[in-house]
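Here's a quick walk through the charged and aromatic side-chain contacts in this model. Have the structure open while you read.

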Amino acid sequence: MKPKLRINFEDFWKNFNKTDNYFYNLLSRHYDVELCEDPDFLIYSKFGRRHKNYKCVTIFFTGENRRPDLDKYDYAFTFDYLDDPRHYRLPLYVFYGEPESIIRQEEPDTEAILREKTDFCSFVVSNVDSKFRIRFFEQLSKYKKVNSGGRVHNNVGGRVKDKAAFVRKHKFNIAFENASYPGYTTEKIFEPMLVNTIPIYWGNELVHRDFNPKSFVNFLDHGSLDALVERVIEIDNDDDLYRQYLTQPCFPGNELNEHVKPENVLAQFHRIFNTEINPVALRRKRFFFF
């Protein structure tokens, strides 16, 4: 018999599915999960204020570039590197597919991969405020057309409905983050890896802790947008060089990093669920009762 777990989710992004998401699926492997309005534990994010209606133990999650404030909740899962037992580093990309799926089980068929790469580079962006990312798109487009399937500089006749299928047919994908901060790794670099497309990355200066730096093209290795463009051109014109990236494992040592190993994430939840006194939750209960 699995132990009973009463939880709820609040204030996540639009179209968040309470019964089909990373946390629910992971916890369901080891707990008899009951979603209810009067839970023992609330997992919530930053897109609303409904979490303020709860007096239980609160667990905050964000994949956005935002520092956790442990005076406001009992526990937090964020991208940040923070030395506190109530915080766990969990990058956003775990919500976009199973990290285990990109562990190499055998040598990739690079010839087959190259055959499906019928286009040069993809760009799927809707955030108009990311000026650095847009500038790189414009510079790289001077070399060859970069197919833009998002809202920004769309040039494919409308926003693409199947992002994975769109990215898959391209040799490269512009995978710039919205911002650069140590530890801030989102789905941007992970999604092209899922479909054997080489990410062109800018963002987390510690991204090498998450992903093998030989499996993608990193702005930080080149120092300027001009140099980055030149490197992409060089790889595009050398199939052997392109294959070298494809044959590299996505994770260092072809192993999941410690932060996304399911057993480590579950261990943090086990600690949370078995802690009797949570100061923030206790203070919240006093506020509700008195």
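D32 counts as partly exposed, at 36% relative accessibility (buried is under 20% relative accessible area, exposed is over 50%, and partly exposed falls in between, using a 1.4 Å probe and protein chains only). Bear in mind that this is a predicted model, where local features need pLDDT of at least 70 and side-chain atom pairs count only at pLDDT 80 or more, while totals for chains, interfaces and linings use all residues. Residues are numbered from 1 along each chain as its sequence is written, and side-chain values use heavy atoms, with hydrogens and water left out.

So who does D32 talk to? Its side chain meets that of K4 in a salt bridge, 3.5 Å from N to O (the cut-off is a side-chain nitrogen of Lys or Arg within 4 Å of a carboxyl oxygen of Asp or Glu). K4 lies in strand β1 (residues 4-10) and D32 in strand β2 (residues 32-35), so this pair ties together parts that are 28 residues apart in sequence. Strands here are DSSP E runs of at least two residues, helices are H or I runs of at least four, and both are numbered from the N terminus.

K4 also forms a salt bridge with E34, at 3.8 Å from N to O. E34 sits in strand β2 and K4 in strand β1, so here the parts being tied together are 30 residues apart in sequence. As for accessibility, K4 is exposed at 52%, whereas E34 is partly exposed at 27%.

Another salt bridge joins E116 and K117. E116 is partly exposed, with 28% relative accessibility, but K117 is buried at 8%.

| Salt bridge | N to O distance |
|---|---|
| K4 and D32 | 3.5 Å |
| K4 and E34 | 3.8 Å |
| E116 and K117 | 3.8 Å |

How many salt bridges does a search of the whole structure find? The total is 15. Shared partners join K4, R6, D32, E34 and D40 into one network.

On to the rings: the count comes to 39 aromatic pairs (Phe, Tyr and Trp rings, the six-membered one for Trp, with centres within 6.5 Å; planes under 30 degrees apart are stacked, over 60 edge-to-face, the rest tilted). Y22 and F95 have ring centres 5.7 Å apart and planes at 50°, so they are tilted. Y22 is in helix α1 (residues 22-28) and F95 in the loop between β6 (87-89) and α2 (110-116), 73 residues apart. Both are buried.
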